[in-house]
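Opened the model today to look up a few things. My notes follow.

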Amino acid sequence: MPKILHTYRYTGKPWNILKSVVPEGYEIKTLDEPTQEQLVKEAVDADYFLVSGRLKIDEEVLSAAKKLRMIQRTGVGTEMLDKAAIKARGVPVYVNAGINACSVAEHTITLILDCLKNIPLISSNVKKGIWKKQETGVSCNELYGKTVAMVGMGNIGRITAGILHAFGANVVYTDLFRQSEEVENALGITYRASFEELLPDADILTFHCPLTDDNQKILNAAALEKMKDGVIVVNTARGKLIDENALYKALVSGKVRAAGLDVHYEEPMLADDPLKTLDNVILTPHIAGLSFETFQSMMAGAIENIVAFDKGELESIKNKILEL
């Protein structure tokens, strides 16, 4: 019976959902503890890796996995994969491209609106008995007419841009690959050739790009200085895109009005992370792509790929092959 090793640890409802989409004739195993040591131990007899979480699929893990035939990501991020070591072994890698795009886009819009409307702080004040209608109301802003600068225009970016267009926002974007004129016109988006060119006009800055060696801490003190006072920063992509020390200082000074962060430089966030102390920061635990609907579809799609590979039905695998 082929063994599918989930390379992190699921419990409760997530684990039950994953088990429910595994067909008869396959064994699914999640880690007893989410550690590299446990991963190496369980990798020994695994035929397939179902990769989630942030444990490294590195040389030690791959050396232990003598039977490994294929690696399937639950999502699209690949920073946990030692690509050189995987390529050297000729192990194919598949990703779940676009499957969580709607969920991430909705979460992005939620964070933008919550920042503009000061929802967490206002809700907290009302619960404390603070009822200052006019004073509170005029501290909020509309999304209509604001300029949203988007870094990345892939599946998630395009859906987000479409929603922003419906709100009446102005959208500018940068990406390694420019969209066609037809797509730009349909979404009402305007291209900028570089990240730096996005910054001066942005009322809101959002990230929708993968993390690479070239863009770590791309939003740093120098970049923030080029932006308007009172800009809003939203990140549902990868935490290491932002220099969080620089962001903290900008939030305290008022250079950045508010931040909505689903992803963080360290995950889980450190107990003493100073961003936790600020009222103008909204924090969520990397859940933008994990609605119930998306999670179920993500697990089903990943297992379908593994089963298709196991049966030699490569032409039926819907999602992208990562070029290693």
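I started with helix H2 (residues 36–43), where Gln38, Leu39, Val40, Glu42 and Ala43 are buried; buried is under 20% relative accessible area, exposed over 50%, partly exposed in between, with a 1.4 Å probe and protein chains only. Helices (H or I, at least four residues) and strands (E, at least two) are DSSP runs, numbered from the N terminus. The cover over those buried H2 residues includes strands E1 (3–6), E2 (27–29) and E3 (48–51), plus helix H3 (59–64); contact means heavy atoms within 4.5 Å.

Ground rules for my notes: this is a predicted model, local features need pLDDT of at least 70, side-chain atom pairs count only at pLDDT 80 or more, and totals for chains, interfaces and linings use all residues. Residues are numbered from 1 along each chain as its sequence is written, and side-chain values use heavy atoms, with hydrogens and water left out.

Next I checked Asn100, in the loop between strand E5 (93–94) and helix H5 (101–117). Asn100 counts as buried because its relative accessibility is 17%. Leaving aside residues up to four places away in sequence, Asn100 touches Ile156, Gly289, Thr294 and Met298.

Then the cysteines. I found 0 disulfides, a disulfide being a pair of cysteine sulfur atoms within 2.5 Å. Why is Cys102 too far for a bond? Its closest cysteine sulfur, in Cys209, is 19 Å away. Cys115 is in no disulfide either, with the nearest cysteine sulfur, that of Cys140, 12 Å away. On accessibility, Cys102 is partly exposed at 48%, while Cys115 is buried at 2%.
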